[in-house]
Amino acid sequence: MTDTKTIPYKIYLEESEMPKQWYNVRADMKNKPAPLLNPATLQPMTAEELSHVFCDELVKQELDDTTPYFDIPQEILDFYKMYRPSPLVRAYCLEKELGTPAKIYYKFEGNNTSGSHKLNSAIAQAYYAKQQGLKGVTTETGAGQWGTALSMACAYLNLDCKVYMVKCSYEQKPFRREVMRTYGAQVTPSPSETTNVGRKILAEHPGTTGSLGCAISEAVEDATSHEGYRYVLGSVLAQVLLHQSVIGLETKAALDKYNIEPDIIIGCAGGGSNLGGLISPFMGEKLRGEKDYHFIAVEPASCPSLTRGKYAYDFCDTGMVCPLSKMYTLGSGFIPSANHAGGLRYHGMSSVVSQLYDDGLIEARSVEQTSVFEAATKFARVEGILPAPESSHAIKVAIDEALKCKETGEEKTIVFGLTGTGYFDLVAYEKYNNHEMSDYIPTDEDLAVGFAGLPKVE
């Protein structure tokens with residue numbers, strides 16, 4: 001390995017070194033993710049059925065588990081150049097603070113107005129909607145990064161954008177809501193009275209703070225009931241992980257520049273998009289038997305789909321209008337507590353990540369909210385970036401692993417995804433600083449309610 005003194009604080013790629021193709025990890029998976037099922041027939045969804053909800057080109061990407069690489073259209077590459085390549089940062093200051101022999105790197109995806117990695121897929125999905133001649137798109141958003149990213153992409157391409165924002169985040173993060181509106185999006189707190197499924201959820205759960213599952217249901221209903229609209233999703237789907245592979249491809253190219261081989265790769269896990277995107281090229285090497293890496297998915301203890309969920313077919317949404325996906329799930333009826341990592345408040349996990357986890361290729365850990373903010377604060381004070389609550393789950397476990405190296409003397413190389421900034425999450429930081437933040441961990445009885453609603457699929 002190259003002498004660490006020659007490794008800069010930030011490793012940047014040239015624009016000419018940006019990936020020109022997305023990598024589809026499914027092509028190298030021996031056990032492919034289970035197909036999406038039609039909830040009425042329990043048969044695999046066809047391209048025609050999916051095209052009523054999603055853009056045609058995105059349907060092709062969703063159903064293709066054999067093509068390893070997809071060319072990135074030039075217009076998307078040109079948009080990427082506004083904020084990509086993103087830096088791979090050597091966390092020298094954090095290493096010194098921890099007194100660890102470990103070498104810590106983070107891929108920083110927050111250097112754009114949306115504040116996160118979500119823009120990588122938002123521009124791709126909006127581009128394909130525009131190519132199809134659509135009027136606009138609908139979507140859900142949790143903490144607001146995805147909604148912000150999509151509103152930016154739609155403004156750039158002159159598309160209409162309707163966003164259903166999880167109610168607790170709508171109230172906790174008014175400024176992120178206003179960024180979306182500035183970019184021209186229509187933002188509705190979910191569940192709402194504007195859709196049939198929203199009214200049904202409110203009738204059954206009066207006063208609910210909402211969830212990503214609720215917001216998805218409303219966005220899908222809106223798209224399918226208006227001509228010229230399609231629904232787009234910010235995580236979970238295979239197509240989204242495909243677009244996000246640009247993160248991992250850039251990370252690998254930056255590491256290769258200095259002959260750096262990571263031992264541990266860590267990402268926060270809500271629906272699976274940033275984790276899947278970060279690990280995909282490294283996972284490809286592992287699947288092909290070329291290299292070996294230790295992958296860790298980190299999720300909130302309040303919404304532990306991997307660590308405490310069931311691997312089963314389930315609805316992707318609370319209103320049960322979406323296809324069934326085989327995934328690690330807490331049940332589509334599970335309403336997570338109103339924790340501050342809004343982007344991780346989803347009941348299920350990407351079918352790709354779920355299959356890799358079930359095959360023993362990924363480790364999963366759940367962490368409590370206060371310990372996450374403790375790690376976030378430590379990181380902010382020494383590395384100078386205020387991290388998003390979601391990303392801070394990865395920071396927490398990266399610190400844990402670095403401290404293990406301090407005990408053992410091992411010089412492991414740790415890479416984690418810093419997927420976004422926390423400048424619109426100051427209500428959460430205020431709660432932490434005022435010692436008003438609490439930890440909620442669902443009981444087995446709480447989880448049993450969600451599991452009881454799982455559909456019966458043979």
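Predicted model: local features only at pLDDT ≥ 70, side-chain atom pairs only at ≥ 80, totals over all residues.
Where does Pro 85 lie? Pro 85 sits in the loop between helix H3 (74-80) and E4.

Seven strands make up an open sheet. Their order is E1-E4-E5-E15-E10-E11-E14, and the pairing is mixed. Strand E1 (10-11) and strand E14 (363-367) stand at the edges. Each has a single partner strand, so one side of each is left without a neighbour in the sheet.

Take E4 and E5 next. Strand E4 (residues 88-90) and strand E5 (residues 103-108) run antiparallel, joined by three bridges. Within E4 and E5, Val 89 stands opposite Tyr 106.

E10 and E11 pair in another sense. Strand E11 (residues 294-300) is parallel to E10, with five bridges between them. Gly 267 has Ala 297 of E11 as its bridge partner.

How much of strand E10 is buried? Five of the five residues of E10 (residues 264-268) are buried, so the strand is largely enclosed by the rest of the structure. Ile 264, Ile 266 and Cys 268 point one way from E10. Ile 265 and Gly 267 point the other way. Buried here means under 20% relative accessible area.

Helix H15 (residues 369-383) lies across E4, E5, E14 and E15. H15 runs at about 95° to E14. E14 is also one of the edge strands named above.

## Helix against helix

| Helix pair | Angle between axes | Axis distance |
|---|---|---|
| H11 (residues 238-257) and H12 (residues 273-287) | roughly 55° | within 6 Å |
| H9 (residues 196-204) and H10 (residues 212-224) | about 150° | 8 Å |

Start with H9 and H10. Their axes are 8 Å apart and the angle is about 150°. That makes H9 roughly antiparallel to H10, because angles over 145 degrees are classed that way. From H9, the contact uses Asn 196, Val 197, Gly 198 and Ile 201. From H10, it uses Cys 214, Ser 217, Glu 218 and Glu 221. The residues of this contact divide into three nonpolar, three polar and two charged.

Now H11 and H12. How are H11 and H12 oriented to each other? Their axes cross at roughly 55°, and the two helices are therefore oblique to each other. The crossing of H11 past H12 is right-handed. On the H11 side, the contact residues are Val 240, Leu 241, Gln 244, Ser 245, Ile 247, Gly 248, Leu 249, Thr 251, Lys 252 and Leu 255. On the H12 side, they are Ser 273, Gly 276, Gly 277, Leu 278, Ser 280, Pro 281, Phe 282 and Glu 285. The residues of this contact divide into eight nonpolar, eight polar and two charged.

## Backbone spots to check

Most residues other than glycine have a negative phi, and most peptide bonds are trans. Several places in this model depart from that pattern.

Two cis peptide bonds come first. One runs from Arg 84 to Pro 85, with omega near 0°. The other joins Ser 190 and Pro 191, with omega about 5°. Pro 191 lies in the loop between strand E8 (186-190) and H9.

Positive phi values come next. Leu 42 is not a glycine, yet its phi is positive at about 60°. Leu 42 lies in the loop between strand E2 (21-23) and helix H1 (47-50). Its relative accessible area is 33%, so Leu 42 is partly exposed.

Asn 259 also has a positive phi, near 55°. This residue is found in the loop between H11 and E10. Is Asn 259 buried or exposed? At 53% relative accessibility, Asn 259 counts as exposed.

## A loop glycine

Gly 360 is found in the loop between helix H14 (351-358) and E14. Gly 360 counts as exposed, with 60% relative accessibility. Gly 360 and Ala 27 are 333 residues apart in sequence. In space they are 18 Å apart, C-alpha to C-alpha.

Definitions and conventions
Residues numbered from 1 in each chain as written. Heavy atoms only, no water. Axes fitted to C-alpha atoms, helices over the stretch in contact; angles between N-to-C directions. Helix = DSSP H or I, 4+ residues; strand = E, 2+ residues; numbered from the N terminus. Parallel < 35°, antiparallel > 145°, perpendicular 65-115°, else oblique. Left-handed = near helix turned anticlockwise from the far one by under 90°. Contact = heavy atoms within 4.5 Å. Nonpolar A, V, L, I, M, F, W, Y, C, P; charged D, E, K, R; others polar. Buried < 20%, exposed > 50% of the residue type's maximum accessible area, 1.4 Å probe, protein only. Pairing = 2+ DSSP bridges.
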